[in-house]
Amino acid sequence: MRRLSRLFKNVECIRLMGGEPLLHPQVSSFFAVTRRCFPDADIRLVTNGLLLSTMEPAFWWSCTTYRIRIDVTLYPIALDTDRIRGLADSHQVPLRIIETTEFHAGMNLRGDSEPAQAMRYCRAHNYCPFLKEGRIYPCVRPAVVGYFNRAFNTSIPTAGYLDIHERTATGWKILEFLEKPCEACRYCPYEYRYFPWGRSTKQLEEWCITDDELRAAGQVSCEGPGFTGTDVPLSAGLGEQH
Ligand code: SF4
């Protein structure tokens, strides 16, 4: 955060995310550091809210003291939102509850997407550069896809980052970097498939776009068998795995 604040004085919004950030035993310590480095930023904790009603008073005190807003992504589960709103109100912590009823599948396991086109599609939906362990990524995907690779024995590239601690890193260089597609973009389709939120079956196909869906979106450039939703991924063994 300190390094980031030296590179950028005008970050408007910082979202503290996970996984699920409330699982971190020292989640509040991030509030102090972030606020010290960015006194004027809109700092938000993004959570599924499941643990909010169990948080200690010290957590709420930190939210108030360091002016942290809370964004709850509300899935269709039984969550006592009245209690959560009550807790937030009593500590004067701004709280936003965002109802979410669908997920999207956004993985093209062929790895043959044209990166700039894939990036145009995702950027039309959101712009959310991701900072993890001193590395900044154009989005969350290359930062966390290593977990996916381990779970499904795929090899989607994880190397699309810039180390903000490099001596040569400047704010302008980082902004330029964030506008360029990375290798992982080859694994993003030109269109996502949306489906209703539900319990995961932990199958690869939940995440992936099939060849039929790629064709419907005007994609599929390479020949040969592809991903039908039931077979092994073509991308296994390609790219870089961390
Ligand atoms: S990997 Fe590239 S195309 Fe995919 S979400 Fe990230 S920036 Fe967008």
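Predicted model: local features only at pLDDT ≥ 70, side-chain atom pairs only at ≥ 80, totals over all residues.
Me: What makes the backbone at Lys202 worth a look?

Reply: Lys202 isn't a glycine, yet its phi is positive, about 60°. Asn153 is another non-glycine with a positive phi, also about 60°. Asn153 sits in the loop between H6 and strand E8 (162–163).

Me: Why is Asn153 called partly exposed?

Reply: Asn153 has 13 other C-beta atoms within 10 Å. Exposed needs 12 or fewer and buried needs 20 or more, so Asn153 falls in between and is partly exposed.

Me: And Tyr121, why is that one partly exposed?

Reply: Tyr121 has 17 other C-beta atoms within 10 Å. That count lies between the cut-offs of 12 and 20, so partly exposed is the label for Tyr121. Tyr121 belongs to helix H5.

Me: How do you know which residues Tyr121 touches beyond its sequence neighbours?

Reply: Contact means C-beta atoms within 7 Å. Leaving out residues up to four places away in sequence, Tyr121 touches Tyr190 and Glu191. Glu191 is 70 residues away from Tyr121 along the chain, but their C-alpha atoms are 6.9 Å apart.

Me: How do you know whether the overall size agrees with a compact globule?

Reply: For 242 residues, a compact globule would have a radius of gyration near 18 Å; the protein comes in at 20 Å, which agrees. Its C-alpha atoms fill a box of roughly 60 × 50 × 30 Å along the principal axes. Take the contacts with a separation of 6 or more: 77% of them link residues 24 or more positions apart.

Me: How do you know that the buried residues of H3 share a side?

Reply: First the list: Phe59, Trp60, Ser62 and Cys63 are buried in helix H3 (residues 57–65). They span an arc of only 155° around the axis, which puts them on the same side of H3. Pro57 and Ala58, on the other side of H3, are exposed. The cover over the buried residues includes helix H2 (27–37), strand E3 (68–74) and helix H4 (81–90). After H3 comes Arg67, with a positive phi near 55°.

Me: Which residues of H2 are buried, and how do you know that they share a side?

Reply: Val27, Ser28, Phe31 and Thr34 are buried in H2. Their arc around the axis is only 120°, so they end up on the same side of H2. The exposed residues Ser29 and Arg36 are on the face turned away from that buried side. As for packing, the buried residues of H2 meet strand E1 (13–16), strand E2 (42–47), H3 and E3.

Me: What makes the bond between Gly18 and Gly19 a cis peptide bond?

Reply: Look at omega: it is about 10° for the bond joining Gly18 and Gly19, and that bond is cis. Gly19 is part of the loop between E1 and H2.

Me: What makes up the largest nonpolar core?

Reply: It has 19 residues, and Met107, Ala184, Cys185, Tyr187 and Cys188 have the most contacts inside it. Helix H5 (115–125), strand E7 (135–137) and helix H6 (141–152) each give this core at least two residues. Another core lies apart from it, with 14 residues, including Ile68, Ile70, Val72 and Ile84. In soluble globular proteins, nonpolar side chains tend to be buried together.

Me: What is Ala184 in contact with, setting aside its neighbours within four places in sequence?

Reply: Ala184 is in contact with Arg141, Pro142, Val145, Ile156, Pro157 and Gly160. Ala184 is also one of the residues around the ligand.

Note on methods:
Residues numbered from 1 in each chain as written. Rg over C-alpha atoms; globule rule 2.2 N^0.38 Å. Contact = placed C-beta atoms within 7 Å. Helix = DSSP H or I, 4+ residues; strand = E, 2+ residues; numbered from the N terminus. Arc of directions from axis to C-beta. Core = buried A, V, L, I, M, F, W, Y, C linked by C-beta atoms within 7 Å. Near = placed C-beta within 6 Å.
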